[in-house]
Amino acid sequence: FHTSAPISPVLQHGIKRVGVIGSGQMGLGIAMVAANVARLPVVIMDVNKEQIDKGIKFMDKLLEKDVGKSKITSEHAQGTKDLVSTTQTLKDLRDVDIVIEAASENLAIKTALFADLDKECKPDAILATNTSSISITKIAAATSRAHQVIGMHFMNPVPVMKLVEIIPGLATTDNIVQTTKELATSMGKTTTVVQDVPGFVANRLLMPYINEAVILLENSWASAEDIDTTMKLGMNMPMGPLTLADFIGLDTCLAIMKVIHENTGDTKYRPSVLLQNWVQETDSDIYNSDVSDKTP
Ligand code: CAA
């Protein structure tokens, strides 16, 4: 990147329109905050129409709850709904200034998607990924615009958690980092800038903690309830580690641990057998829970 090169409209004027890939709990949360807090038009793309409908229903429920608690007016809630549109095709992302991808935590899926986004999106659009652990540099290599690819790692539940980890890849320019930070700030978030290492900072710290809780249970050294109570009442964690693992999604936890373990070779990230077995058996669905329920 040369400072003498003309600054692109996206960098000059900031982000005016956002695209989000995936309407699961992360994608939906990101889209909601972009519309509800940053007041930006958002297009959510997901191939699964049923999932989109579920996501929009969940967002409406959250907005209604906020209106009920007088946190926002009904006009504001309606404004948010009007700012959010949905699509099942990538072509509808051609006008956005940034795409935030929140698809499955799988390298092959993400690289294929980024290669397609590179073709469909306007040349100066930023391509961001909400990956929890996969290398930004690897994802960027699937595009012809590695300098405009960046990690934007939100925490679950997105409307509640204040942090966004910003992860520049090897080629990402400072201007792109700055623009992405400004977007996160306009969404009401606090940012950290983290090197492109497996698991970044959040999951380097969180996953060994969750894994150790599962290992304690696996060995019958304490009951699930007592493990969670220890961390809730002993350390003031809002949720115990086992409830948190379920909340994040056991499959997501396993995928993150595998990426960190495979890329560092460090056995402290080796996922427990019990976690692997659970993933074979379970399929949690956050949208079937009540928003006011303490254990979604
Ligand atoms: N989506 C949106 N909002 C939600 C929500 C959801 N899924 N679940 C709860 N909330 C909201 C509630 O509506 C409520 O909002 P109001 O105060 O405006 O009414 C607020 O959160 C508090 O909810 P509750 O009173 O029902 O329950 P709580 O006080 O137990 O809080 C919690 C719920 C916010 C989830 C809390 O238990 C918590 O903070 N847990 C820890 C979450 C955490 O650690 N997240 C990070 C996970 S790691 C990650 O995401 C990164 C990764 O890569 C894996």
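So, the largest nonpolar core: in this predicted model that core has 40 residues, and Ile98, Ile100, Met152, Phe154 and Met187 have the most contacts inside it. By nonpolar core I mean a set of buried Ala, Val, Leu, Ile, Met, Phe, Trp, Tyr and Cys residues joined through side-chain atoms within 4.5 Å. Buried is under 20% relative accessible area, exposed is over 50%, and partly exposed is in between, with a 1.4 Å probe and protein chains only. Helix H2, residues 25–36, gives this core its largest share, eight residues. There's also a second, separate core of 22 residues, and Ile21, Val43, Met45 and Val194 are among them. As general background, nonpolar side chains in soluble globular proteins tend to be buried together.

What is Phe154 in contact with, leaving aside its neighbours within four places in sequence? Met26, Ile30, Ile100, Asn130, Leu163, Val164, Met187 and Lys189, where contact means heavy atoms within 4.5 Å.

Quick housekeeping. Residues are numbered from 1 along each chain as its sequence is written, and side-chain values use heavy atoms, with hydrogens and water left out. Since the model is predicted, local features need pLDDT of at least 70 and side-chain atom pairs count only at pLDDT 80 or more, while totals for chains, interfaces and linings use all residues.

Okay, the whole chain. We've got twelve helices and eight strands; these are DSSP runs numbered from the N terminus, helices being H or I with at least four residues and strands E with at least two. The radius of gyration is 19 Å, close to the 19 Å from the globule rule for 296 residues, so the chain is as compact as a globular protein of that length. That radius is taken over C-alpha atoms, and the rule is 2.2 Å times the number of residues to the power 0.38. Along the principal axes, the C-alpha trace spans about 60 × 50 × 30 Å. Of the 296 residues, 47% count as buried. And if you take contacts between residues at least 6 apart in sequence, 70% of them join residues at least 24 apart.

The unreviewed UniProt entry puts a "domain: 3-hydroxyacyl-CoA dehydrogenase C-terminal" feature at residues 199–281; positions are in the numbering used here, feature names are shortened, and annotations may be inferred rather than shown by experiment. That stretch is 73% helix and 0% strand, with its end C-alpha atoms 25 Å apart.

Look at helix H11, residues 250–264. Which residues of H11 are buried? Leu250, Cys253, Leu254, Ala255, Ile256, Met257, Val259 and Ile260. Their cover includes helix H8 (202–218), helix H10 (241–248) and helix H12 (273–281). Just after H11, Gly265 takes a positive phi of about 70 degrees.

Arg39, not a glycine, has a positive phi of about 60 degrees. Arg39 sits in the loop between H2 and strand E2 (42–45), partly exposed at 32% relative accessibility. Ser220, also a residue other than glycine, has a positive phi near 55 degrees. You'll find Ser220 in the loop between H8 and helix H9 (224–235), and Ser220 is exposed, at 63%. Finally, the peptide bond from Asn156 to Pro157 is cis, omega near 0 degrees, with Pro157 in the loop between strands E6 (149–154) and E7 (163–168).
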